[in-house]
Amino acid sequence: MTTRRIIDLLRNGQPNETVIVKGWVRTKREQKEFTFLEVNDGSSMAGLQVVVNQDVPGYAETMKRVNTGASVEVDGMLVESPAKGQRIELRASSITVYGEADPETYPLQKKRHSFEFLRTIGHLRSRTNTLGAVFRVRNAAATAIHQFFQERGFLWVHTPIISASDCEGAGEMFTVTGFDLKRVPLTENQAVDFSKDFFGRQSYLTVSGQLEAEIMAMAFSNVYTFGPTFRAENSNTSRHLAEFWMVEPEMAFCDLEGDMDLAEAFLKHIFKQVLESCPEDMEFFNQRIDNSVLATANNIIDNEFARVTYTEAIAILEKSGKTFEYPYQWGSDLQSEHERYLAEEYFKKPTIVTDYPAQIKAFYMRLNDDEKTVRAMDILAPKIGEIIGGSQREERLDVLEKRIQAQGLDPAPYWWYLDLRRFGTVPHAGFGLGFERLVQFMTGMGNIRDVIPFPRAPLEVEF
Ligand code: 4AD
Ligand code: MG
């Protein structure tokens, strides 16, 4: 007999079926002549209730070894459950203990734990209800993303994690080196001599797969990357990670309107799919984490996003009469509080802001005819702020060269990027979705560290 997943039994199991389940004990309630166990195998929020009668072989001794956290195999027969809220339960005919968990030292006893505490036991926290639900939703969202692009004929391209170029031109990169740090070779000017390093030049963990995705879009028209990216910004906030996953589509023969339309359809698709494949988990978030989670999801699916230019957004902020912590004026970057005001209070739905001032955006964004703004778009989500950043790319060689220089960057390492504008250049556009910010947005989780299994942030690299 094969082992059945608990979600399958809860949905489809019938009385009188004999089954095997394997999982971890969440709770144990001893009665006089039998014991209730709740066994969870991670396949669903709800566990399976197991009833172990005292006539099960080795009852007394086995029950001593079975406590919260223990791993077990249970063989038995499904029966209708007399208890409220569950259709079936499992009457055990035998129990095998794989591994015990000492009640004195196992940290996850049945009670509420703070997310801060759970982060200190990153090797165990996935066994809790909330983190379990988060990682199932994360999986469903990732699946929906691939499905969305594959259905539309986008090629999934794998861009490198180690890179020599700074895509965002912001200098927030981790260096990758093969040097023995006790004997770093120096040049005559006492600078680090990266020509002697593994790659023969300074290399980094990538901040974005965009530049390489553009190369691939110039061959396959529509492509996307979905992989880890890295930022060495020392931002200790609830929305920043040093290692996060980014989804980056790139489309040839596409302008900013096409880019925004795709991004909006994309977010709607993911929400729809996740509501369909994880209804219990989403219900849980709505009840226990943030009671606007389901309303938000439906709002996204049913309504068009708001679209405004940056210049209009600044006017809205001015008219709001609100005092913000950070000042703003035309030309300054929007702070999280400004973004949230726009999406949360003013439009009350995801808001796409376009045409930002050129000087606050990356060199690759297409310059508008006013020569002051670029064809950028950020999608701002209520409670989170920016979840997507994208743009139409500068496809004109001479303008791009000027922009690189204007941003004080050395054009030499971008030679191949410039070549794309020399050979068969086309209008093209793309965007990057911060995958963890999306999962935060979907689940209502307050801290980005709790929507990625193993968060990497300043001073945080334990597990
Ligand atoms: O706006 P960003 O920096 O855009 C890019 O990297 C472009 N190359 C994307 C593209 O056009 N292909 O980052 C994109 C998104 C942000 O909107 C945000 O959701 C997320 O990545 N992000 C972060 N998420 C978590 N932690 C961080 N430190 C993040 N920095 C950006
Ligand atoms: Mg951005």
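A pocket is an open set of grid points, computed over the protein atoms alone, with protein on both sides within 12 Å along at least five of seven lines. In this predicted model, the largest pocket holds about 1,100 Å³ of space. Its lining comprises 41 residues, of which Glu168, Arg231, Lys361, Glu386 and Arg437 are the closest to the centre of the pocket. By residue class, the lining of the largest pocket consists of 16 nonpolar, ten polar and 15 charged residues.

Several elements of secondary structure contribute to this lining. At least two residues each are supplied by E11, helix H10 (336–346), E15, E16 and helix H13 (435–443). Strand E15 provides the largest share of the lining, namely six residues.

The largest pocket is also the space taken by ligand 1. Two or more residues of the shell around ligand 1 come from each of strand E11 (243–252), strand E15 (385–392) and strand E16 (428–434). Among these elements, E15 gives the most to the shell, with five residues. In total, 25 residues surround ligand 1, and the closest are Glu168, Gln210, Glu248, Glu386 and Ile387. The shell around the ligand divides into nine nonpolar, eight polar and eight charged residues.

Polar atoms of the protein approach ligand 1 from both side chains and backbone. In the side chain of Glu233, an N or O atom lies 3.0 Å from a nitrogen atom of ligand 1. A nitrogen atom of the ligand is likewise found 3.4 Å from a polar side-chain atom of Tyr364. For Gly389, a backbone N or O atom is placed 3.3 Å from an oxygen atom of ligand 1. Taken alone, ligand 1 exposes 630 Å², and the protein buries 93% of that area.

Terms used. Residues are numbered from 1 along each chain as its sequence is written. Chains are lettered from A and ligands numbered from 1 in the order in which they are written. This is a predicted model: local features need pLDDT of at least 70, side-chain atom pairs count only at pLDDT 80 or more; totals for chains, interfaces and linings use all residues. Side-chain values use heavy atoms; hydrogens and water are left out. A residue is near a molecule or strand if one of its heavy atoms lies within 4 Å of it. A polar contact is a pair of N or O atoms within 3.5 Å; within protein, one must be able to donate a hydrogen and the other to accept it, and residues adjacent in sequence count only if both atoms are side-chain atoms. Accessible areas come from the Shrake-Rupley method with a 1.4 Å probe; for residues, only the protein chains shown count as cover. On a 1 Å grid over the protein atoms alone, a cavity is a set of points where a 1.4 Å probe fits but cannot get out, and a pocket is an open set with protein on both sides within 12 Å along at least five of seven lines; lining residues have an atom within 4 Å of a point. A molecule sits in a cavity or pocket if more than half of its atoms lie within 2 Å of its grid points. Helices (H or I, at least four residues) and strands (E, at least two) are DSSP runs, numbered from the N terminus. Ala, Val, Leu, Ile, Met, Phe, Trp, Tyr, Cys and Pro count as nonpolar, Asp, Glu, Lys and Arg as charged, and the others, Gly among them, as polar. Grid points are joined across faces, edges and corners, and a volume is the space filled by probe spheres set on the points.
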